[in-house]
Amino acid sequence: MSRQSHIVLVDTNVWLDQYLPNRPHAAESQAFVDCALQLGIELAFPAPIIKDVFYVVGSEYKRIVRAQQGTLSEVDAQAIQRIAWGVVDNMQEVATPVGIDLSDVWLASKWRTVDGDLEDNLVRAASKRTRADLVVTWDKGMLAKAVVPTVTPTDAIAVMEAWE
């Protein structure tokens, strides 16, 4: 099987690490994304998470500016919004958004006895929809209760390199 045929679904927390360098796992997540792109691995993400990444990136940059300057000017707020939109654009450039529909919500609800977290179950449903070879996350619950192979970004690098 060629490496181009592999699909890796990436969870919200890894994307946040990609765009927020002060997060605890930022270096590992950034190394994972860099490796995947270098190897030509197809990255994907559940489309609904893009709003969460947009919001958290913007909120975190606003928090940083307020901590440094004591206030957030309108100019800074507009600049941060442009940064957040840049993140949305970049995610779509390097990965494929995976839509969800009622069947995914139905499937996610069926998994609630395994894991009560709707968002995690929607990620699992997206992994099934795309026939992902791997899900990459830092979420301990998802790592423990995987429906497809689910690993950390650090372990994903080893798996992807083995596909080579």
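This is a predicted model: local features need pLDDT of at least 70, side-chain atom pairs count only at pLDDT 80 or more; totals for chains, interfaces and linings use all residues.
User: Is the crossing of H3 and H4 left-handed or right-handed?

Analyst: The rule looks at how the near helix is turned from the far one by less than a right angle: anticlockwise is left-handed, clockwise is right-handed. For H3 passing H4, the crossing is right-handed.

User: How many nonpolar residues are there in the contact of H3 with H4?

Analyst: Contact means heavy atoms within 4.5 Å. On the H3 side the residues include Ile49, Val53, Phe54 and Tyr61, and they meet H4 residues including Ile80, Trp85, Val88 and Met91. Sorting needs a rule: Ala, Val, Leu, Ile, Met, Phe, Trp, Tyr, Cys and Pro count as nonpolar, Asp, Glu, Lys and Arg as charged, and the others, Gly among them, as polar. In this contact two are charged, four are polar and the nonpolar ones number 14.

User: Now the sheet. In what order do its five strands come?

Analyst: Strands of a sheet pair through backbone hydrogen bonds, either parallel or antiparallel. Two strands pair if DSSP finds at least two bridges between them. Here the sheet is open with parallel pairing, and the order is S3-S2-S1-S4-S5.

User: Which strands stand at the edges of the sheet?

Analyst: An edge strand here has a single partner strand, so one side of it is left without a neighbour in the sheet.

User: Which residue of S2 is the bridge partner of Val8?

Analyst: S1 (residues 7-10) and S2 (residues 42-46) pair in the parallel sense over three bridges. Leu9 stands opposite Ala44 in S2. For Val8, the partner in S2 is Leu43.

User: How many residues of S2 are buried?

Analyst: Buried means under 20% relative accessible area, exposed over 50%, and partly exposed in between (1.4 Å probe, protein chains only). H4 lies across S2 and S3, running at about 100° to S3, and S2 is joined to S3 by four bridges, the two running parallel. S2 is largely enclosed by the rest of the structure, because the count of its five residues that are buried is four.

User: Which residue of S4 is the bridge partner of Leu9?

Analyst: S1 has both faces covered, with Ile7 and Leu9 buried on one side and Val8 and Val10 buried on the other. Three bridges join S1 to S4, and these strands run parallel. In S4, Leu9 has as its partner Val135.

User: Let's visit a loop. Which residue's side chain makes a polar contact with that of Asp115?

Analyst: Asp115 sits in the loop between H5 (102-110) and H6 (118-130), and its relative accessible area of 11% makes it buried. Not counting residues up to four places away in sequence, it touches Asp120, Asn121, Arg124, Gly141 and Lys145. A polar contact is a pair of N or O atoms within 3.5 Å; within protein, one must be able to donate a hydrogen and the other to accept it, and residues adjacent in sequence count only if both atoms are side-chain atoms. At 3.1 Å, the side-chain partner of Asp115 is Arg124.

User: How far apart in space are Ala79 and Asp115?

Analyst: Ala79 lies in H4 and counts as partly exposed, at 25% relative accessibility. Along the sequence it is 36 residues from Asp115, and the C-alpha to C-alpha distance is 38 Å.

User: Is Arg131 buried or exposed?

Analyst: Arg131 lies in the loop between H6 and S4 (134-136). Its phi is near 55°, a positive value in a residue other than glycine. With a relative accessible area of 71%, Arg131 is exposed.

Methods: Residues are numbered from 1 along each chain as its sequence is written. Side-chain values use heavy atoms; hydrogens and water are left out. Axes are lines fitted to C-alpha atoms, for helices over the stretch in contact, and angles run from 0 to 180 degrees between N-to-C directions.
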